[in-house]
Amino acid sequence: MFKRILTGVIAFCFVLVPILFFADTLVLPIAVALFTMIATYELLHCVGLHKNLWVSAPMYLVSAALPFG
């Protein structure tokens, strides 16, 4: 459990704080798009649709484009 907490603190300090520091630039939408694509990847793997391109490709495109809208 300590390992997960330590990883979370390190990720917060070295990943999220710099992203929030550059929030008024293009860095924030790019980071949000990256995080949503990772979440979409995880979701598609959970439901077993990660190999179905008719479902996964549009979902990846939408999840990457929405933060820029």
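The backbone oxygen of Y60 lies 3.0 Å from a polar atom of the S63 side chain. This is a predicted model, in which local features need pLDDT of at least 70, side-chain atom pairs count only at pLDDT 80 or more, and totals for chains, interfaces and linings use all residues. Residues are numbered from 1 along each chain as its sequence is written, and side-chain values use heavy atoms, with hydrogens and water left out.

**Around S63**

- S63 sits in helix 3.
- S63 counts as buried because its relative accessibility is 9%. Buried means under 20% relative accessible area, exposed means over 50%, and partly exposed lies in between (1.4 Å probe, protein chains only).
- The side chains of S63 and T40 are joined by a polar contact of 3.5 Å. A polar contact is a pair of N or O atoms within 3.5 Å; within protein, one must be able to donate a hydrogen and the other to accept it, and residues adjacent in sequence count only if both atoms are side-chain atoms.

**Helices and helix 3**

- The protein has three helices and zero strands. Helices (H or I, at least four residues) and strands (E, at least two) are DSSP runs, numbered from the N terminus.
- Along the sequence, the pattern reads α-α-α.
- Helix 3 covers residues 53-65, which is 13 residues. Its first and last C-alpha are 18 Å apart, close to the 18 Å expected at 1.5 Å a residue. The expected span is 1.5 Å times one less than the number of residues.
- At the start of helix 3, a side-chain oxygen of N52 comes within 3.2 Å of the backbone nitrogen of W54.

**Nonpolar surface patch**

- F2, L6, I10, F12, F14, V15, L16, V17, L34, F35 and I38 make a nonpolar surface patch of about 1,100 Å². Patch residues have over 30% relative accessible area and no salt bridge; nonpolar side chains (Val, Leu, Ile, Met, Phe, Trp, Tyr) are joined within 5 Å, and like charges within 9 Å. A salt bridge is a side-chain nitrogen of Lys or Arg within 4 Å of a carboxyl oxygen of Asp or Glu.
- Accessible areas come from the Shrake-Rupley method with a 1.4 Å probe; for residues, only the protein chains shown count as cover.
- Helix 1 (2-21) and helix 2 (27-47) each supply at least two patch residues. Helix 1 gives the most, with eight.
- I38 belongs to helix 2. I38 counts as partly exposed because its relative accessibility is 43%.

**Overall shape**

- The protein has a radius of gyration of 15 Å, while a compact globule of 69 residues would have one near 11 Å. The radius is taken over C-alpha atoms, and the globule rule is 2.2 Å times the number of residues to the power 0.38.
- The C-alpha trace spans about 40 × 35 × 10 Å along its principal axes.
- Buried residues make up 12% of the 69 residues.
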